[in-house]
Amino acid sequence: DNGGYEHYLLKEISEQPDTVARTLRGRLDDRFHIAHLGGLNMDARETRSFRRVKIIGCGSAYYSGQMGAQLIEELARIPADAEPASEFRYRSPVVEPDTLYVAISQSGETYDTLAAVQELKRKGGRVLGIVNTVGSAIARETDGGIYLHAGPEVSVASTKAFISTAVAFALLALHLGRVRDLSPADGRRICEGLRRLPEQIKEILTLEDRIRELAKKYADSPGMMFVGRVRGYPVAREGAQKLKEISYVHAEAYPASELKHGPLALISPELPTVAIVPDDELLDKNLTTLGEIRARHGRILMVGHRTSEAADDCIVVPKNEVELDPILLTIPLQLFAYHAAVALDRDVDRPRNLAKSVTVE
Ligand code: BG6
């Protein structure tokens, strides 16, 4: 049942205030400013013992893992990185006892991710799952984990599961951080920020008419560039992924700082750029990048917390804590991809050549 929406994708985007609330429900502790994650099956000593976090997943799950790695490094100060599960399983990974492995999957059935989990288990790795589908293969094979409680995701392109995964990572990062050096004050700041997310997502959804107009304006480009720095980079990658998956417009994501080391050669009026520009300590650097793009006559759609003369168009989203802003900055890119796909008359919920979950090698 698509609930009166024209497409499941739009339904699932619109559900996000509620699905984020469900991912958070019962998990925030206002007394100690910690996260209760009963499913991890780890005591405090074990939780403190990890010296590294390695995150694996496929497609959007991998990009949400990149967002998660950033959250864990910032809040828990544990080195963390994400890798496509498919690459991980084929390269005979070094499995270390003091590394916490986290496998991400909406369906819990993606074969590459499952095979990577099995390889990790065989080598004695400690693996958590961040999974939406209760009782799925990956949920069963992992030592513990976090369920998203986002409800069934029908449309092939992931939206609400992506956002709920990022929220689950914020909870995990808070949990790992508060048994280490994250102060009660910072713990409280993050708890309060997380509680604000559902209302702020609602606010972003009210921008839909404007985003539809922008999508129409940019959708006939032969391709688009997505750029972001540090916290903005996983946002750019997911924005590019959504656009290519459902609209078939070629989209490339680059760290903003890498632009001048190659892809700047591509910049022209025919290749507009979506720039993720949060109000954080990198704002000035990002605005300089916009200037470099503009000097090559590139058109710019800026997604951030303010408008800028350097951009042709701006989408301004509500501000949260810097660590949590990437979650909110992703939402307009979902709507942008959706309306670009509709404008181009694509099969939004069932894009060509893709399956919701790839259960074969
Ligand atoms: C791909 C889907 O095949 O699998 C993507 O097209 C999805 O949308 C990816 O992100 C991973 O799926 P899952 O279920 O493991 O999160």
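Q: Here, contact means heavy atoms within 4.5 Å. With that in hand, which residues of H8 meet which residues of H13 in this predicted model?
A: Phe 162, Ile 163, Ala 166 and Val 167 are the ones from H8. On the H13 side they meet Ile 327, Thr 330, Ile 331 and Gln 334. Sorted by class, that contact has 6 nonpolar, 2 polar and no charged residues.

Q: Why are H8 and H13 called roughly antiparallel?
A: Look at the angle: H8 and H13 pack at about 175°, with their axes 10 Å apart. Anything over 145 degrees counts as roughly antiparallel, so H8 and H13 get that label.

Q: And what makes H9 and H13 roughly parallel?
A: H9 covers residues 184-205, and its axis crosses that of H13 at roughly 30°. The two axes come within 10 Å. The cut-off for roughly parallel is under 35 degrees, so H9 and H13 fall into that group. As for handedness, H9 passes H13 in a right-handed crossing.

Q: Which residues make the meeting of H9 with H13?
A: H9 brings Leu 197, Gln 200, Ile 201, Ile 204 and Leu 205. H13 answers with Ile 327, Leu 328, Ile 331, Pro 332 and Leu 335.

Q: Which residues meet where H10 touches H13?
A: From H10 come Glu 208, Ile 211, Arg 212, Leu 214, Ala 215, Lys 216 and Tyr 218. They meet Pro 332, Leu 335, Phe 336, His 339, Ala 340 and Ala 343 in H13. This contact splits into 9 nonpolar, 1 polar and 3 charged residues.

Q: How do you know where empty space is left?
A: You roll a probe the size of a water molecule over the atoms, and that shows it. In this model, the count comes to 1 cavity of 30 Å³ or more, and the largest cavity has a volume of about 30 Å³.

Q: What lines the largest cavity?
A: Its lining is Arg 231, Pro 278, Asp 279, Asp 280, Lys 319, Val 322, Asp 325 and Pro 326. That works out as 3 nonpolar, no polar and 5 charged residues.

Q: What about the largest pocket: how many residues line it, and which lie nearest its centre?
A: The lining has 27 residues, with Cys 58, Gly 59, Ser 60, Thr 110 and Lys 356 nearest the centre. The pocket holds about 490 Å³ of space. By class, its lining has 10 nonpolar, 14 polar and 3 charged residues.

Q: Which helices and which strand each supply at least two residues of the lining of the largest pocket?
A: They are helices H4 (60-76), H6 (111-122), H8 (160-178) and H11 (232-247), plus strand E5 (99-105).

How values were computed
Residues numbered from 1 in each chain as written. Predicted model: local features only at pLDDT ≥ 70, side-chain atom pairs only at ≥ 80, totals over all residues. Heavy atoms only, no water. 1 Å grid on protein atoms, 1.4 Å probe; cavity = no way out; pocket = protein on both sides within 12 Å on 5 of 7 lines; lining within 4 Å. Points joined across faces, edges and corners; volume = space filled by probe spheres on them. Nonpolar A, V, L, I, M, F, W, Y, C, P; charged D, E, K, R; others polar. Helix = DSSP H or I, 4+ residues; strand = E, 2+ residues; numbered from the N terminus. Axes fitted to C-alpha atoms, helices over the stretch in contact; angles between N-to-C directions. Parallel < 35°, antiparallel > 145°, perpendicular 65-115°, else oblique. Left-handed = near helix turned anticlockwise from the far one by under 90°.
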